[in-house]
Amino acid sequence: MKRAAFLDRDNTLIYDPGYIHEPEKVELLEGVPEGLKLLKEKGFLLIVISNQSGIGRGYFKEEDFWAVNGRLQELLKPYDVQIDGFYFCPHKPNEKCNCRKPKTLLVEKAAKDFGVSVSESVVIGDKDSDVEMGFRAGCRLAVKVGAPPFDNFLKAVEFVLSST
Ligand SMILES: [Mg+2]
Ligand SMILES: [Zn+2]
C-alpha cells in the first residue's frame with residue numbers, strides 16, 4: 001500500500017508571520033525542497049494538512065488559501081517536486097469540528113482519497129497539535145520541526161527516513 005508524509009504547511013514548509021494569505025509573501029523554509037524531494041524519492045506522497053482558522057475568523061477567504069498553495073507549488077517547480085494534495089480545516093477552534101488538528105478527519109480523508117496506509121505514513125509539523133494528530137491517527141512517526149534536533153525540514157526528513 002502507498003504511504004504518505006502528512007505535512008503541516010505554515011512554519012513547516014513556508015514562513016508564516018501569522019495567518020499568511022498573500023501569495024507574494026510566500027517563502028520556502030530552509031531545507032524544504034531538498035527534504036520534499038527525498039521523501040518523494042522514497043515513495044512518500046506529499047500531502048499538506050493545514051488548520052486555516054483565518055478563514056472561519058473572516059481574516060481571508062478560501063481562495064487566498066489556494067493562492068498561497070499555488071505560489072508554494074510555483075516555488076517548488078525549479079526543484080522538480082510538487083505537493084500531491086492539500087487538505088484544510090477552515091473552522092475556528094470553538095466550532096468543535098472534527099477536522100481541526102489535532103483531530104484526524106483530514107488524515108483519514110486524504111488516506112482514503114489517495115489509497116494510503118496511515119500506519120505506514122508519517123507526520124512533519126511545527127506544533128504539538130501536528131504531532132498529536134499523527135499519534136491519534138496511528139501514523140508510524142510524527143516529528144516536530146523548528147526545535148532541536150530538527151531545526152530544519154531536511155533534518156526532520158533525514159530522521160524520518162532513517163527510522164522508517
Ligand atoms: Mg504550522
Ligand atoms: Zn474543521
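Is Cys-97 buried or exposed? Select Cys-97: with a relative accessible area of 14%, this residue is buried (under 20% relative accessible area; exposed is over 50% and partly exposed in between, with a 1.4 Å probe and protein chains only).

Before moving on, note that this is a predicted model, in which local features need pLDDT of at least 70 and side-chain atom pairs count only at pLDDT 80 or more, while totals for chains, interfaces and linings use all residues. Residues are numbered from 1 along each chain as its sequence is written, chains are lettered from A and ligands numbered from 1 in the order in which they are written, and side-chain values use heavy atoms, without hydrogens and water.

His-91 is partly exposed, at 24% relative accessible area.

**Aromatic rings**

Next, show the rings of Phe, Tyr and Trp (its six-membered ring); two of them pair if their centres lie within 6.5 Å, and planes under 30 degrees apart count as stacked, over 60 as edge-to-face and the rest as tilted. The count is 6 aromatic pairs. Phe-65 and Trp-66 are edge-to-face because their planes stand at 75°, with centres 5.2 Å apart. Phe-65 is buried at 0% relative accessibility, whereas Trp-66 is partly exposed at 36%. Phe-150 and Phe-159 form a tilted pair, 4.9 Å centre to centre with 40° between the planes. Of these, Phe-150 is buried at 14% and Phe-159 partly exposed at 34%. Select Phe-65, Trp-66, Phe-86 and Phe-88 together to see one aromatic cluster.

**Nonpolar cores**

Now select Leu-7, Leu-13, Leu-36, Leu-39, Ile-83, Ile-124 and Phe-153, which touch the most other members of the largest nonpolar core, a set of 28 residues. A nonpolar core is a set of buried Ala, Val, Leu, Ile, Met, Phe, Trp, Tyr and Cys residues joined through side-chain atoms within 4.5 Å. Centre on Ile-83: leaving aside residues up to four places away in sequence, its contacts include Leu-46, Val-48, Leu-72 and Gln-73 (contact means heavy atoms within 4.5 Å). A second, separate core has 20 residues, among them Leu-45, Cys-99, Val-107 and Val-131.
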